[in-house]
Every structure is written in structure tokens, then in C-alpha cells.
Amino acid sequence: MNLKLSLLLLLFISTFTNAQQTISVKGSVPFPATQDYTFICEKYAFTGEANVQIAKTDKGGILKITITTANDKARIAGGLYVDLTNADVIACTDKNVKESSDGKTTSYYYFTPAEWQKLKKSDIYAVRFIIAGGPNTFGSQTGYFTAYNKMNYFSTAFDKSKKTYDTAKEISVL
């Protein structure tokens, strides 16, 4: 009896530890996704962070980028560039798929099958994007920003731990 209980508990715990992340765009069917990465965006003084998540679709993939804003009019707008560690650049066009709630704005960008293959082979180095907003004096920052694939703002020379996310490995698993 005790062995059955142990196996059942192990199965229950393993189910939650291997839970798959998903992305759902405007109420669509959820797509399998990577974890939600917090990239460092040093020039964005409001939070200094941008959340990036990648999902696999039938036709390639989706990049979801979310930032916190001080003003409801601020949006991630225009094209977006994904810089890879092998110096490739993926240019994404704005399909005007956006959401905004709770002081956060989210935009979705789509990858072709060929671009998806590039993402599987090389880690993301940075994501370059534009924040457009209203004409308020004390609103969110607007302009061009780069969110780098870094886990922390600071580290010492003696810190030998991994400082970036393994995006290519996680995308390959999807």
C-alpha cells in the first residue's frame, strides 16, 4: 500500500513539474510555449525589463513581448528585430495584434518556418522594439529600446554561473 501511495505521489508531482507553458492569442487555441523570459532593457527607465515568450504554431512561431507602462496609451508598435547570437537578424512586421491590461501592454509577432529553424539553432541575443505613446509629459518613455538576453543586471568577475537563457534549446523542444 505504501509503495502505491509513493508512486501516485511521484506521478502527481512530476505532472506539475513538467507542465507546459502556452500562449493564446486573442482567445485562439493555446500553442505550446517556452518559459516567460525576463530580458534586461537598460534604457527603459520605467521598469528596465521586457518579458519575452516564444510559441510554436502550425505555420512557424509567435513571439510575445510584454512591458509594464505608466500610461494606457503607450504601446509596442512597428517592426521588431530579433538578434541571434550567431549574428543573424530576424525582422518581424507589426500585424497589429496587441493587448493591454493591468498597466501592461503586449504585442505578438509571427515567425515563418524558415525563421523558426533559425531560432532552433541559435540563442536569442536581444530583441529590439519601439514604444509609441501619447503626448503626455509624465507618461511612459517612448522610442527605440533593446531588451538583452541577460538574467541579472550585475554580476562579478568571479561569478561563473550562466547569465543568459538557453532559448534555442527550449525552442527545439517545442
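Me: Which residues touch the most other members of the largest nonpolar core?
Reply: The model is a predicted one. Its largest nonpolar core holds 29 residues. Those touching the most other members are Leu63, Ile65, Leu80, Val82, Phe111, Leu119 and Phe129.

Me: Which other core lies apart from it, and of how many residues?
Reply: Ile23, Ala55, Ile62 and Tyr108 are among the members of this separate core. Its count is 7 residues.

Me: With which residues is Phe111 in contact, leaving aside its neighbours within four places in sequence?
Reply: A contact requires heavy atoms within 4.5 Å. By that criterion, the partners of Phe111 include Lys59, Gly60 and Gly61, as well as Val82, Ile90 and Cys92.

Me: Why are the buried residues of helix 2 on the same side?
Reply: Helix 2 spans residues 113-121, and its residues Glu115, Trp116 and Leu119 are buried. They lie on the same side of helix 2 because the arc they cover around the axis is only 105°.

Me: Which exposed residues does the face turned away from the buried side of helix 2 carry?
Reply: Exposed here means over 50% relative accessible area. The residues on that face are Pro113, Ala114 and Lys121.

Terms used
Residues are numbered from 1 along each chain as its sequence is written. This is a predicted model: local features need pLDDT of at least 70, side-chain atom pairs count only at pLDDT 80 or more; totals for chains, interfaces and linings use all residues. Side-chain values use heavy atoms; hydrogens and water are left out. A nonpolar core is a set of buried Ala, Val, Leu, Ile, Met, Phe, Trp, Tyr and Cys residues joined through side-chain atoms within 4.5 Å. Buried means under 20% relative accessible area, exposed over 50%, partly exposed in between (1.4 Å probe, protein chains only). Helices (H or I, at least four residues) and strands (E, at least two) are DSSP runs, numbered from the N terminus. The arc is that of the directions from the helix axis to the C-beta atoms.
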